[in-house]
Amino acid sequence: QVQLAESGGGLVQAGGSVRLSCGASGLVFSTYNMGWFRQAPGKDREFVAAITWRGSSTTYADSVKGRFTISRVNGKNTVYLQMNSLKPEDTAVYYCAADLSRFKSLEYDYWGQGTQVTVSS
């Protein structure tokens, strides 16, 4: 079955950087669009960033534009989220997700379990 596994979360100070990774198995990774999402306590899950199957196009939420970068290595079945200039409001559980066609959407087909990122002020 499809499995997505996030890693790289943790505690970081405001202004710092973290790189999240998401390894995929059980699917033809190079044919799937990949997205990163987050959910803070008491809030709805929100879109963060997405990248097309070939990596030719990316899109970001306004709140992270210019600070976060999504990338992928299809040969490693892995998608990354480089997060710079982190703010306390970036604190959330971060999820990766895969979908054959959706891009900037919350309705992805497959989801990982999430990794916690906590930004201290």
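**Strand pairing and the nonpolar core**

User: Which way do S4 and S9 pair, and over how many bridges?

Analyst: S4 and S9 pair in the antiparallel sense over seven bridges, where strands are DSSP runs (E, at least two residues) numbered from the N terminus, and two strands pair if DSSP finds at least two bridges between them. Within this pairing, Met-34 stands opposite Ala-98 in S9. Please keep in mind that this is a predicted model, in which local features need pLDDT of at least 70 and side-chain atom pairs count only at pLDDT 80 or more, while totals for chains, interfaces and linings use all residues. Residues are numbered from 1 along each chain as its sequence is written, and side-chain values use heavy atoms, with hydrogens and water left out.

User: What about S4 and S5?

Analyst: Those two strands are also joined in the antiparallel sense, over five bridges, and Trp-36 stands opposite Ala-49 in S5. The hairpin that they form has six residues between the strands, and Gly-42 takes a positive phi near 75° there.

User: Is S4 mostly covered or open?

Analyst: S4 is mostly covered, since six of its seven residues are buried, meaning under 20% relative accessible area with a 1.4 Å probe, protein chains only.

User: OK, new topic: which residues have the most contacts inside the largest nonpolar core?

Analyst: They are Met-34, Trp-36, Leu-81, Met-83 and Tyr-94, in a core of 35 residues; such a core is a set of buried Ala, Val, Leu, Ile, Met, Phe, Trp, Tyr and Cys residues joined through side-chain atoms within 4.5 Å. Among the elements that give two or more residues to this core are S4 (33–39), S8 (78–83) and S9 (92–99). In soluble globular proteins, nonpolar side chains tend to be buried together.

User: And what does Tyr-94 touch?

Analyst: Leaving aside residues up to four places away in sequence, Tyr-94 touches, among others, Trp-36, Leu-81 and Met-83, as well as Glu-6 and Arg-38, with contact meaning heavy atoms within 4.5 Å.

User: What is the strand order in the open sheet of four strands?

Analyst: The order is S1-S3-S8-S7, with antiparallel pairing, and the edge strands are S1 and S7, each of which pairs on one side only.

User: How many bridges join S1 to S3, and S3 to S8?

Analyst: Five bridges join S1 (residues 3–7) to S3, with Leu-4 partnered by Ala-24 and Ala-5 by Gly-23. Six bridges join S3 to S8, and Cys-22 stands opposite Val-79 in S8.

Note on methods:
Buried means under 20% relative accessible area, exposed over 50%, partly exposed in between (1.4 Å probe, protein chains only).
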